[in-house]
Amino acid sequence: MTAHLKIDGPDESNRLDGMAQGVIHTPADRPEGPLKVTGTATYAAEWQLDGMATGVLARATITRGKVVRVDAEAARALPGVVDVITDSRLVRNPAQGMANESPVQAPDTVSYFGQPIALVVAETFEQARHAAHALQIQYEVDDGAAVSPEQSDEIDLPEGKQVAQGDLDQAMSAAAFSVDQTWTTPGHNSSAMEPHAAAAEWHEGKLTLRSSNQMLKYNRNEVADALGVDPENVRVLSPYVGGGFGSKLGIGPEAVAAAIAAEKLGRPVRVVMTRQQVYETVLHRSASRQRVRLAADEDGRLLGLGHDFTVYNNVGEVFSEPVAQATHFTYPGAHREIVHRVATVHRVPTGSVRAPGEAIGVTVFENAMDELAEATGIDPVELRLRNIPDRDPESGKPFSSHMLADALHDGAARFGWEGRDPTPRARLEGDWYIGTGMAAAVRVNTVMESKARLCLHPDLTAEVETDMTDIGTGTYSILTQIAAELLGLPLSQVTTRLGDTDLPPGAGSGGSWGASSAGTSVYLAGMKLREQIAEKLGVAETDLTLKDGMAIHGNRTTPLSDLLDGPLEVIGHVEGGDAGETVRQATYGSHFAEVAVNRHSGETRVRRMLGSFACGRVLNEKTARSQCLGGMTFGIGMALTEEMLFDPRDGHIANNDLAEYHLAVNADVPQLEVHFVPERDPWANPMQAKGIGELGICGAAAAITNAIWHATGVRVRDYPATLDKILPYLD
Amino acid sequence: MKTTLTVNGEARELDADTRVTLLDALRHHLDLTGTKKGCDHGQCGACTVLVNGRRINSCLSLACMHDGDEITTIEGLGTPDDMSALQKAFVKHDGYQCGYCTPGQICSATAMLDEIRQNWPSHVSDDLNGPAKLTVEEVAERMSGNLCRCSCYPNIVDAIRDVADAEGGRS
């Protein structure tokens, strides 16, 4: 049986608030926690398959050109080498999120430095790694490839992504206050701790691929399309994924190479990327140049705004970082201009990295708002409060729910913002200038098609099954909690199985929609099971209470097991519908930060950071908070240290490892504070829950750079705010 | 090359290529995949294990260099049904998300608490000779060799301080 819902309008029934088990929202420990902390959760590279060989990717050492010949003689002569795979089905780019088809193949056409070309397979990793270096690849080099947007003469303005309303130039000249500045943000790499990995095994024409991926129903089709086989013959398994942050949305070269090699050799093949390969061949967040214009009246109310930016991608890719995704609706103003430029460059392709668009778009816009606050003399929180639109200012659609003001008030009160002296460089403690800054957080919210099977057994255990993934996000927790809450069972009696394409297809982990989409599918199944139980009792579902294995109706209590003569099974199926078009849906929050900047070195330390977020119903307070900690910490990295450095001659990445691409480490991160502002959004889904995986990064870096300005009087408009950009302006 | 290791209290014989790191020996020769490979260059700490009681990055050490050594991996610290105090605290405080850096964090923290007991100072210690105190700053400093991209650092600090408190070790 299937319980289906297309979300066309609001659901005000709010049934979850009427449940009795009391496990939803609670900070329950992750059910898979004991496996993860004891090293017994098995990740893609860790399956020990009989007779497995190891493959290492061999990659291009030129930027653009043709592979004329792969001379494998020397490599094949080395001990342990099994084969050297060159195959036109190998993919040269990873797939974009939800591509659902093979990414660009043609590995013999080189389009970026480091592009995979071949796979060297040996009995052991050490042998394959050595042999990959012995491969002689001859190229026909096509010189002069543009490796930066500045060098590129192919700049596209994609249709449908540009906005021109009113007359911004006129508004800028008539404005009482204006800001017109340009910011740059560098490329960012997701840098998940688990390198991309795949182990492929064929049996009677069917492929089993153990991989590290975020969206399995698409990944299956991507692999099948690349190989030229029927998706029915492909099974993808990713029960544990060591972080994704967008980098594992689509399949990558390692998965296709492992599958091709395993088929050819008739034995399992494992391919694990080195950390350097992760930097050089996995999709990254495009660097950006963003010009923001703000025109405000005497009271700081926006009359118009402009967001003109350039991002880039490689040949044949249609994704471009949607920098203005939140600009469309965050602030009002009749005069609006968004210019979205995409340069074609021969760098490793770009794609989704945590909160594509808002991560850098909101951040820069919130820097501009801070400059407007300075120009107008209006407190930065107050300035934002004065600029909350009643409706989507571009489309005129109503908001499903708008929590920015609440999040600003909540964050400001908890942080102790009131009474802040806005004067920059006014507070010196020892050798450190101290400053505070804030920013708004905004991220679009959506629901995607998702299915899950929920089975209730007579022994009062239940199972949730879907090919949805848990990439650290807490999917195991929240799906277990939703099922337990609806069925009135303790958490220990519900098991959640994920990450297997043999299970009903889920939404996948991406775009912050995992919890709301996969969660709703479980909710729908659970509600249908409740209806079936109510029917057995001859009562309405709304009059039924399920708690601790008991069915309670009026003054009658029946053991739930008495009502079950066999398992009850329902597949929940949710789809996005008209609700996505009728209203503008987003999550909102506020970031506050206190920094110390060393007067002699220009080094910035984050002393305090607080986020206040509204994301509808919080399904698990513990895992939701952790998601926010993660987002905010990404913001610290973005503000202060993270930067992909591309060699201007050939586009290769100069800092291709974790020693040189600087993630925030423990000592960089103070004891962050996360708070949730209560919200119910009936338009989101019947659970009234929204996504929280990405909101924490949106604007976070701006709170820090705004605080740096407050501490020092220095506006850093070129991210990250490393000390060399501050020091020249200190005394 | 033949090497004898004591891993989690058990003698293990290894006959592997001299290029095999201690990390790959554990993961792919001894079937102990709890120890993780994040960078293979000593930059992330995911491969942290204890060798003769001290924490090291097992990716930076060749297996054949450890003949006769006592190795403790995450599997040796506890099991899902019998977790160590730190493992329990990591679950309670959500000191992990994806779980991939977690074994390294916990091995590292296990050794770090021992370093504290022995009054080893760190870069942020006020007094190089005094008793080591487990402040937030000290834990953060001493755990900065273990990267966590999910960024559970505040929870990791809470988990470790929780265990130190229970042992009366925060001083």
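This is a predicted model: local features need pLDDT of at least 70, side-chain atom pairs count only at pLDDT 80 or more; totals for chains, interfaces and linings use all residues.
Chain A contains 15 helices and 29 strands. Along the principal axes, its C-alpha atoms fill a box of roughly 80 × 70 × 50 Å. A compact globule of 731 residues would have a radius of gyration near 27 Å, and the value for chain A, 26 Å, agrees with this. Of the 731 residues in the chain, 62% count as buried. Among the contacts in chain A with a separation of 6 or more, 82% are made by residues 24 or more positions apart in the chain.

One of the helices of chain A is α14, which covers residues 621-640. From the first C-alpha to the last, this helix of 20 residues reaches 29 Å, which is close to the 28 Å expected at 1.5 Å a residue. The helix α14(A) is mostly covered, since 18 of its 20 residues are buried.

Chain A also holds an open sheet of three strands, in the order β23-β24-β25, with antiparallel pairing. Its edge strands are β23 (545-547) and β25 (556-559) of chain A, each of which pairs on one side only. On average, and with direction ignored, neighbouring strands of this sheet are turned by 25 degrees against each other. Strand β24 of chain A, residues 550-553, runs antiparallel to β25(A) and is joined to that strand by four bridges. Within this part of the sheet, A:Thr558 in β25(A) is the residue that stands opposite A:Ala551.

In general, the strands of a sheet pair through backbone hydrogen bonds, and the pairing is either parallel or antiparallel. Chain B has an open sheet of five strands with mixed pairing, in the order β2-β1-β5-β3-β4. The strands at the edges are β2 (10-15) and β4 (54-57) of chain B; each has a single partner strand, so one side of each is left without a neighbour in the sheet. From one strand to the next, the twist averages 40 degrees.

Strand β1 of chain B, residues 2-7, has side chains that alternate between two faces. Together β1(B) and β2(B) form a hairpin, with two residues between them. In the turn of this hairpin, B:Asn8 has a positive phi of about 50 degrees. The pairing of β1(B) with strand β5 of chain B, residues 70-72, is parallel and consists of two bridges. Here B:Val7 has B:Ile71 in β5(B) as its bridge partner.

Elsewhere in the sheet, strand β3 of chain B, residues 48-51, pairs with β4(B) in the antiparallel sense over four bridges. B:Val51 has B:Arg54 as its bridge partner in β4(B). The helix α4(B) packs on the sheet and touches β3 and β4 of chain B. The direction of α4(B) makes about 35 degrees with that of β3(B).

B:Val51 is found in strand β3 of chain B. Leaving aside residues up to four places away in sequence, B:Val51 touches B:Ile56, B:His66, B:Asp69 and B:Ile71. B:Val51 and B:Glu75 are 24 residues apart in sequence, and their C-alpha atoms are 14 Å apart in space.

Between the two chains, 50 residues of chain B are in contact with 48 residues of chain A. On the side of chain B that touches chain A, at least two residues each are supplied by α2 (74-77), α3 (85-93), α4 (102-117), α5 (136-142) and α6 (153-166) of chain B. The largest share of this side, five residues, comes from α6(B). By residue class, the side of chain B that touches chain A divides into 25 nonpolar, 15 polar and 10 charged residues.

Definitions and conventions. Residues are numbered from 1 along each chain as its sequence is written. Chains are lettered from A and ligands numbered from 1 in the order in which they are written. Two strands pair if DSSP finds at least two bridges between them. Axes are lines fitted to C-alpha atoms, for helices over the stretch in contact, and angles run from 0 to 180 degrees between N-to-C directions. Two residues are in contact if their C-beta atoms, placed from the backbone, lie within 7 Å. Ala, Val, Leu, Ile, Met, Phe, Trp, Tyr, Cys and Pro count as nonpolar, Asp, Glu, Lys and Arg as charged, and the others, Gly among them, as polar. The radius of gyration is taken over C-alpha atoms; the globule rule is 2.2 Å times the number of residues to the power 0.38. A residue is buried if 20 or more other C-beta atoms lie within 10 Å of its own, exposed if 12 or fewer, and partly exposed in between; C-beta atoms are placed from the backbone. The expected span of a helix is 1.5 Å times one less than its number of residues.
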